[in-house]
Amino acid sequence: MTELLKLDGVGVRLGGRQILDDVRFEVRPGEFSGIIGPNGAGKTTLLRVILGLIPSAAGKITRPPTIGYVPQKLNIDPDVPLRARDVVSLGLDGHRIGFSFPSRKRRDLVEKALADVGAGDYASARVGELSGGQQQRVMVAHALISRPSLLLLDEPLANLDLAIEQEIVTVLAKLAREHEIAVMLSAHDMNPLINVMDRIIYVANGKVATGATDDVVTTEGLSELYGHHVDVLHVHGRVVVVAG
Amino acid sequence: MHYLVEPGFLGSPSVRTALIVGTVVAVTSGVIGVFTVIRGQSFAGHSLSDVATTGGAGAFLAGIDQFWGFLVMGAAAALLMEGIGVQRRRGRDVATGVVLGGALGLAALFLYLGTLKTASTGASFTILFGSIFVVSPDTVPAVVAAGLIALAVIALLARPLLLTALSPDIARTRGVPVRAVGIAYLMALAVDVSLSAVAIGAVLSTALLIGPAATALRLVKSPVKAMAVAAAAGLAATWIGVLLAYDSYYWPPHGHGWPVSFFVVALVLAGYLATYARRPRRLLPRSPHEEAAECSPA
């Protein structure tokens, strides 16, 4: 199977600082990858360079034609007149000029996209009034309605309580499996993702290690990546990385 | 004996001009105002209207119609604000404030010189607070055309503007030229502000921009409905304002009509306050964001 996304020796410099150096990995259709690493390691930068929002200083990126993107947080007031279904509808053709005309076909597509992520109940509510987890689902529907082969999510699990966190992960894993959409999401904690990740992309110190979780997340491997000793501990089925 | 519609209302040419100009202004302001509130650029809108004062005062000194002064100065200020940094959220307020301060200083000079020239304060009053009854019939075609152009720009950019409001990064990944769209929107805003400066004065033009839009956002949930309700609310305030101002010639002090701008702005405010009487039932519990906003000072 051919790769969907390929980074070959990608480096990013921002404001004279080297943020990422010699990043190389491939993502295949339907793969679920987690971009894991401590705060400030360059996870968001990695997502932004893949999206083409910032230029790379070195290397080559091969991208699929359409990438769905779910940003970390919506900055939307509760009084903004965009209902969940308006937001999803914008995912279809929000980049085009002119108004969109309502049609049965459009409405069915929007309702189906909302139902696919379990957001059908609040289709008529304003997005600014929804909770963080509800907004996440609506934004996933917004990203998916344009039928991307790759879906990128920036810290979708941040600030969610544990039950909702697990629900979102389940929804995303199901999408990856059933629709052959490659899902890449960033997170500072790998534990909610361990059971669903096909690949971990561990970012630390501006460098990236990638592969199966058990191969990458080891005391030796991560110590080399961080450039100093860290311990990888397994506690009650959870993985904890501790600076040594 | 007084009537709701005093004799001669519809027969008066100045009333007819006022109603035409008022209609164009109310509809344009209602539609553009919804985007202004969504984009969080109410301050930019208000500043453009203040800056338009400078243009109006300059035009008066130069002996040309104030509309052109409002328009040129508003557009120039919009470009300047964009150049300094309106695209960044924080830079936006700073850039707006800097341009605003400079322009108002110039307006003070122009208005002072204008007062010396005519030995009256009538022109200053018209520039600042407008008078829809004294709009020159020669300007009407330009006003209508400018309003239609601004509306066409917004109609073309409606979806990219909404997508950008949702998330500028998503808009960029979908290929929207976010900055160019922002400039086009600001230019449409500058045109609209010039129109309402003609109608209700440079200082008050924000009232028609923000008031009806804010009213609509309290009443309806979808973007298209919000634009329709805002336009209708602005239209109602303008028409009833024109009617009351006409009638007020028969009110005390007799023979001196009250300023039409007062009525329009008062009606806009009354409409907004009336929405509080009917608190919309919520589908969902309040978001933490909203509570934080209400707890923070001012």
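**Figure 1. The two domains of chain A in the predicted model.** Chain A is divided into domain 1, which covers residues 1–66 + 148–244, and domain 2, which covers residues 73–146. The centres of domain 1 and domain 2 of chain A, taken over C-alpha atoms, are separated by 27 Å. Where domain 1 and domain 2 of chain A touch, 10 residues of domain 1 are in contact with 8 residues of domain 2. On the domain 1 side of this contact, helix 5 (residues 162–179) of chain A gives the largest share, 4 residues. The residues on the domain 1 side divide into 8 nonpolar, 2 polar and no charged.

**Figure 2. The largest nonpolar core.** This core has 163 residues. The residues with the most contacts inside the core are A84(A), A141(A), L152(A) and Y202(A), together with V34(B) and A230(B). Domain 1 (1–66 + 148–244) and domain 2 (73–146) of chain A both contribute residues to this core, and the core therefore lies between them. The contacts of A230(B), leaving aside its neighbours within four places in sequence, are with G30(B), V31(B), G33(B), V34(B), P212(B), A213(B), T215(B) and A216(B).

**Figure 3. The open sheet of chain A.** The sheet is formed by 6 strands of chain A in the order 5-6-7-3-8-9, and the pairing is mixed. Strand 5 (67–70) and strand 9 of chain A are the edge strands, each pairing on one side only. On average, neighbouring strands of this sheet are turned by 15 degrees against each other, direction ignored. Strands of a sheet pair through backbone hydrogen bonds, either parallel or antiparallel.

**Figure 4. Strand 5 and strand 6 of chain A, with helices that pack on the sheet.** Strand 5 of chain A runs parallel to strand 6 (residues 150–153) of chain A, and 4 bridges join them. V70(A) has L153(A) in strand 6 of chain A as its bridge partner. Helix 4 (residues 132–144) of chain A packs on the sheet and touches strand 5 and strand 6 of chain A. The direction of helix 4 makes about 165 degrees with that of strand 5 of chain A. Helix 7 (residues 219–226) of chain A also packs on the sheet, touching strand 8 and strand 9 of chain A. The direction of helix 7 of chain A makes about 40 degrees with that of strand 8 of chain A.

**Figure 5. Strand 8 of chain A and the strands it pairs with.** Strand 8 (residues 199–204) of chain A is largely enclosed by the rest of the structure, because 6 of its 6 residues are buried. In a regular strand the side chains alternate between the two faces of the sheet. In strand 8 of chain A, R199(A), I201(A) and V203(A) point one way, while I200(A), Y202(A) and A204(A) point the other way, and all are buried. Strand 3 (residues 32–36) of chain A runs parallel to strand 8 of chain A and is joined to it by 4 bridges. Here S33(A) stands opposite R199(A) of strand 8. Strand 8 of chain A pairs with strand 9 (residues 207–211) of chain A in the antiparallel sense, over 5 bridges. V203(A) has V208(A) in strand 9 of chain A as its bridge partner.

**Figure 6. Two residues of chain A with positive phi, N205(A) and E180(A).** Most residues other than glycine have a negative phi, and most peptide bonds are trans. N205(A) is not a glycine, yet its phi is positive, near 60 degrees. N205(A) lies in the loop between strand 8 and strand 9 of chain A. The hairpin of these two strands has 2 residues between the strands. N205(A) counts as partly exposed because it has 15 C-beta neighbours inside 10 Å. E180(A), also not a glycine, has a positive phi of about 55 degrees. E180(A) is found in the loop between helix 5 and strand 7 (182–187) of chain A. With 13 C-beta neighbours inside 10 Å, E180(A) counts as partly exposed.

**Figure 7. The contact between chain A and chain B.** The contact takes 33 residues from chain A and 31 residues from chain B. On the chain B side, the elements that give two or more residues are helix 6 (140–166), helix 7 (168–173), helix 10 (223–247) and helix 12 (288–295) of chain B. Helix 6 of chain B gives the largest share of this side, 10 residues. The residues of the side of chain B that touches chain A divide into 19 nonpolar, 6 polar and 6 charged.

Key
Residues numbered from 1 in each chain as written. Chains lettered and ligands numbered in written order. Predicted model: local features only at pLDDT ≥ 70, side-chain atom pairs only at ≥ 80, totals over all residues. Core = buried A, V, L, I, M, F, W, Y, C linked by C-beta atoms within 7 Å. Buried ≥ 20, exposed ≤ 12 C-beta atoms within 10 Å, placed from the backbone. Domains from an automatic or database assignment. Contact = placed C-beta atoms within 7 Å. Pairing = 2+ DSSP bridges. Axes fitted to C-alpha atoms, helices over the stretch in contact; angles between N-to-C directions. Nonpolar A, V, L, I, M, F, W, Y, C, P; charged D, E, K, R; others polar.
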